[in-house]
Amino acid sequence: MNKEIEPIKPTELFLRLLKNHEINGEELEQLIRDLGMEDQMLRQLALKADMDELKELIEEKEELETNKTEVYCVDSFTTLQVDLMFKGTEYRVLVNYHCYDCKDYTITYLDTNEEISYENDVYDEIVEYIENNVEDKF
């Protein structure tokens, strides 16, 4: 009457855990990154994907990378407000002019109004983009 309990394979256990906790796509992506398997997973999925689907994804990626900005609003003489798409994310940039050579930037995500720290790499990229492509026009 003694039945041996079959051990559960780690992959089966992992799959059950993920299904029970309703992991979303972003969390699964972060898990793959944390495991150091992002490049391997990308390669495997790309090699198995339909060619037309891959072409569409590449076109979308190129559009997100190159569709950097649209200026929507210029506000008053002391503040320039720019809502822009930069690398696939929407931002609001406020450029506050204090004197001829003195200005500061406040950059937030457009959808959440969460401020982006100047220590964030994208902060410097956006400032450079605004200085080279927007400010000179106004």
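## Before we start

A residue is called buried under 20% relative accessible area, exposed over 50%, and partly exposed in between (1.4 Å probe, protein chains only). The model is predicted, with local features needing pLDDT of at least 70 and side-chain atom pairs counting only at pLDDT 80 or more, while totals for chains, interfaces and linings use all residues. Residues are numbered from 1 along each chain as its sequence is written, and side-chain values use heavy atoms, leaving out hydrogens and water.

## Salt bridges

Side chains of opposite charge can pair when their charged atoms come close. A salt bridge here is a side-chain nitrogen of Lys or Arg within 4 Å of a carboxyl oxygen of Asp or Glu. The structure has four of them.

One joins Glu 12 to Arg 16 (3.3 Å, N to O). Glu 12 is partly exposed at 34%, and Arg 16 is partly exposed at 43%. In another, Arg 92 pairs with Asp 83, with the closest N and O atoms 2.6 Å apart. Arg 92 is partly exposed at 26%, whereas Asp 83 is buried at 9%.

## The nonpolar core

A nonpolar core is a set of buried Ala, Val, Leu, Ile, Met, Phe, Trp, Tyr and Cys residues joined through side-chain atoms within 4.5 Å. The largest one holds 17 residues, and Leu 84, Tyr 91, Val 93, Ile 107, Ile 126 and Ile 130 have the most contacts inside it. Its largest share, six residues, is supplied by H5, a DSSP run (helices are H or I, at least four residues; strands are E, at least two) numbered from the N terminus.
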